[in-house]
Number of protein chains: 2
Amino acid sequence: MSELSARSGVAIPTIKYYLREGLLHQGEQVAATRAEYDASHLRRLSLIRALVEVGRLPIAAVKKVVAAIEDESLPFHNMLGTAHHALTPPVEPEPTPEWEAAKAEVDALISDLGWQVSPTAPSRDELTQTMMRMRRLGMGDDMRAYAETAERLVREVELDAIPLSDDRDAAVQALVLGTILYGRALESLRRLAQESESARRFTAAREERDS
Amino acid sequence: MSELSARSGVAIPTIKYYLREGLLHQGEQVAATRAEYDASHLRRLSLIRALVEVGRLPIAAVKKVVAAIEDESLPFHNMLGTAHHALTPPVEPEPTPEWEAAKAEVDALISDLGWQVSPTAPSRDELTQTMMRMRRLGMGDDMRAYAETAERLVREVELDAIPLSDDRDAAVQALVLGTILYGRALESLRRLAQESESARRFTAAREERDS
């Protein structure tokens, strides 16, 4: 176990905790005080760290993801879906006509785009909440340009990062890290582009007006 | 004040707190126990709520944004920049060669794109941290497609939402709400597109393999 800890960079008490919680499978007991761990243990520890440290998932959610990986009868796409849904904190739908109107818009957008998305995907409610807020604030809420952009990035870059192999741990880890890190990078780039466009647009406009 | 509270939806003790903190300007005192508030007070309360509730800014950051709005000698673009920088939590640069390499890549990307971004913009460090993590994990970190996408959305949609008027409160509020809400919508749409693309790609691939 001390070797597993050294190689994975995960502290021994943490490894013991993951073993107790059933997140990590037991090693092969080769002596009373010695168990052997292999590459599958390293892969699992790497996945758990990605889920906890980068994905900031609570242990209960990590358990669900690990259960989906270990249930070999669950198809690949559904296993990824379990991980994916765990990454999106649930949003409570509101029983108001305003919510229903925004939800209908979200459902129509997804259906117009021909996207295959489960009716219970938590991102549907998340997007409904955001669009309802935009409407309330009088902001434009035509999301088609954003949806097409998202589709292109996902098709051309993000999904290619997921290995279609029998290593289910590696596939889930690639999905989780890709979702989060490309998302963060895109958010930083939007802010940088906004600053630049504001400089271009407002500095020029003001100079013209003031001249 | 009770009328201001009713119209703005902000509780009286909260309004009093904003007055004490100097975030909201005093009303005109028309009698010993009565002050008059006008449209400028309603606009400011609306802005403060957007910064606190949607932007989740701490009061210290809200103070900086309000000071930039009230300093009429500060050009429009720089006032927006103050609000914009306040939205990005600072990331501590690491004194490592790995950090320096990622930072150089970020700076080169921004310069290749011809973007006008302040050398101290906090999103530079934020993006550096994400790209360093991606490199460590062996993920592709070519951000050009993401940068060009961000630029297009910002030019064609997001910056148009900012009114170029003398109402500095309204401009800052539009920037903050646009940055955050379009960002959230894009994040939800990426996850929905991922689910759909995963269904398209992995369901088909598995069926082929298993047939």
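Helix α8 (residues 144-158) of chain A and helix α8 (residues 144-158) of chain B have axes that come within 11 Å. They cross at roughly 175°, so α8(A) and α8(B) are roughly antiparallel to each other. The model is predicted.

**Contact between the α8 helices**
- On the chain A side, α8(A) contributes Ala145(A), Tyr146(A), Thr149(A), Arg152(A), Leu153(A), Val157(A) and Glu158(A).
- On the chain B side, α8(B) contributes Ala145(B), Tyr146(B), Thr149(B), Arg152(B), Leu153(B), Val157(B) and Glu158(B).
- By class, the contact has 8 nonpolar, 2 polar and 4 charged residues.

**Annotated span in chain A**
- An unreviewed UniProt entry lists residues 1-68 of chain A as "domain: HTH merR-type".
- This span is 63% helix and 10% strand.
- Its end C-alpha atoms lie 26 Å apart.

**Helix α3 of chain B**
- Helix α3 (residues 39-54) of chain B has 16 residues.
- From first C-alpha to last, α3(B) reaches 22 Å, close to the 22 Å expected at 1.5 Å a residue.
- Buried residues in α3(B) are His41(B), Arg44(B), Leu45(B), Leu47(B), Ile48(B), Ala50(B), Leu51(B) and Val54(B).
- Arg56(B) follows α3(B) and has a positive phi, near 50°.

**Val54(B)**
- Val54(B) lies in helix α3 of chain B.
- Its relative accessibility is 12%, so Val54(B) counts as buried; the cut-off is under 20%.
- Leaving out residues up to four places away in sequence, Val54(B) touches Arg49(B), Leu177(B), Ile180(B), Leu181(B) and Arg184(B).
- Val176(B) is 122 residues from Val54(B) along the chain, yet their C-alpha atoms are separated by 8.4 Å.

How values were computed: Residues are numbered from 1 along each chain as its sequence is written. Chains are lettered from A and ligands numbered from 1 in the order in which they are written. This is a predicted model: local features need pLDDT of at least 70, side-chain atom pairs count only at pLDDT 80 or more; totals for chains, interfaces and linings use all residues. Side-chain values use heavy atoms; hydrogens and water are left out. Axes are lines fitted to C-alpha atoms, for helices over the stretch in contact, and angles run from 0 to 180 degrees between N-to-C directions. Helices (H or I, at least four residues) and strands (E, at least two) are DSSP runs, numbered from the N terminus. Angles under 35 degrees count as roughly parallel, over 145 as roughly antiparallel, 65 to 115 as roughly perpendicular and the rest as oblique. Contact means heavy atoms within 4.5 Å. Ala, Val, Leu, Ile, Met, Phe, Trp, Tyr, Cys and Pro count as nonpolar, Asp, Glu, Lys and Arg as charged, and the others, Gly among them, as polar. UniProt positions are given in the numbering used here, feature names are shortened, and annotations may be inferred rather than shown by experiment. The expected span of a helix is 1.5 Å times one less than its number of residues. Buried means under 20% relative accessible area, exposed over 50%, partly exposed in between (1.4 Å probe, protein chains only).
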